[in-house]
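Hi,

Here is the model I promised to pass on.

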Amino acid sequence: MHELSICNSIVSQVTKVAQSHNATEVTHIYLNVGLLSGIEPQLLQQTFPFASAETLADNAELHISVESLEVRCLDCLQTSKVTMQNLSCAHCQSWKTQLLSGDDLTLARVELKINED
Amino acid sequence: MCGVCGCSPSVNSVPNKTVVDVYEKILSSNDILAARNRQLLDKHNILCLNLMSSPGSGKTSLLEATIEQLKDQYRIAVIEGDLETENDAKRIRDKGVQAIQIVTGSACHLEADMVFSALQKLDLEAIDILFIENVGNLVCPASFDLGHHRNITLLSTTEGDDKPAKYPVMFRAADICLITKSDLLDYLDDFDTQQAEKNLRQLANVAPCISLSSRQPASLKAWLHLLIQTKQQHELALTNQKTFLPKMQNQGAALHKETHYEPTSTVLA
């Protein structure tokens, strides 16, 4: 269950952003999670409250956007949408492909509440 | 500027609310520690290899056999990761090499800070090749950079040749794939070495794929050759102020700027 370590990293990263903006609270967190990142979005949602308790992100809403898999073929140079079990080029079936998206695990955006004073 | 990809995080404020585009890789605290480990290893000319597989696929046996073959040529050390017991570290110490056991308790993978603590306990001046035997698990270890240079993923013949298709994240991270327990192939009707390699290739992985049995020293030849070659290439890289990064370094992040992501700013009503 490594989702907990991931959640701890998320909390520490958003806390840093919040502090640098003198925020009093983190209200929303937006993540991009690729199918090949090894992360289960549902588990991440369930685990997050344990990691965020008593931090600036205590009441933050976690938004997870799941990235689909796309590769670029190094032989025919075309791009194609692929599945987790087969990353071969959909056009020429070559397995010499490069992943364009699908293994990201990125903190994209945070929304903060700022004290007006 | 963002320290990960060079994009410009934009900030938009309305009273009481601020939206910040961060676009930072999660796990970056682990990555920073991993980079520090790698620097430490490079400073001591140590090639560090991360062994990953399911439990019981023969990681410790492979290490015992490898140490036996190379102990006169290279000074080897091992960091062992297990949920419980010192058994594996004892087996390695019986071969006369340094071994540190990390007992993870309930944690299913090693992280860079655990490896850093273990490095403090090793005599780094007396090591040429360091193996990290990760916790037996085909899921989580693939997501954590430990500061090592190459991932070695083991697939034993008793597990079935479709493992790469079932665990794509792990097998995509393999820099070298070893099919172990090849001596059992005669008794198994459900493992086809070529099919296993085909399943690996379908993950767009060009890693060398070698069959071997730790019980048959003659079958280790190709693996030992590749290991020595990797050690020499790493030394050469170091003389050019370069190093090796394992495959888990995520290609998507490096490409996202040109292909997918445009930093945007949102103003909340």
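How far apart are the mean positions of the 6 positive and 14 negative charges of chain A? They are 11 Å apart, with Lys and Arg taken as positive, Asp and Glu as negative, and His and the chain ends not counted. Each charge is placed at NZ of Lys, CZ of Arg, CG of Asp or CD of Glu.

Before the rest, some housekeeping. This is a predicted model, so local features need pLDDT of at least 70 and side-chain atom pairs count only at pLDDT 80 or more, while totals for chains, interfaces and linings use all residues. Residues are numbered from 1 along each chain as its sequence is written, chains are lettered from A in the order in which they are written, and side-chain values use heavy atoms, leaving out hydrogens and water.

Chain A

Chain A has 2 helices and 6 strands, in the order α-β-α-β-β-β-β-β. (Those are DSSP runs, numbered from the N terminus: H or I of at least four residues for helices, E of at least two for strands.) Its radius of gyration is 18 Å, well over the 13 Å from the globule rule for 117 residues, so chain A is more spread out than a compact globule. That radius is taken over C-alpha atoms, and the rule is 2.2 Å times the number of residues to the power 0.38. The C-alpha trace spans about 60 × 30 × 15 Å along its principal axes. Of the 117 residues in chain A, 52% are buried, meaning under 20% relative accessible area (1.4 Å probe, protein chains only).

Chain B

Chain B has 9 helices and 9 strands, and 55% of its 269 residues count as buried.

(The expected span is 1.5 Å times one less than the number of residues.) Its buried residues include W223(B), K231(B) and H234(B). Just after α8(B), Q241(B) has a positive phi of about 60°.

One loop residue to look up is T104(B), between β5 (98-103) and α4 (112-120) of chain B. T104(B) counts as buried because its relative accessibility is 14%. Beyond neighbours within four places in sequence, its contacts (heavy atoms within 4.5 Å) include D82(B), H109(B) and V135(B). T104(B) and D82(B) are 22 residues apart along the chain, with their C-alpha atoms separated by 6.0 Å.

Cheers

Definitions and conventions: Buried means under 20% relative accessible area, exposed over 50%, partly exposed in between (1.4 Å probe, protein chains only).
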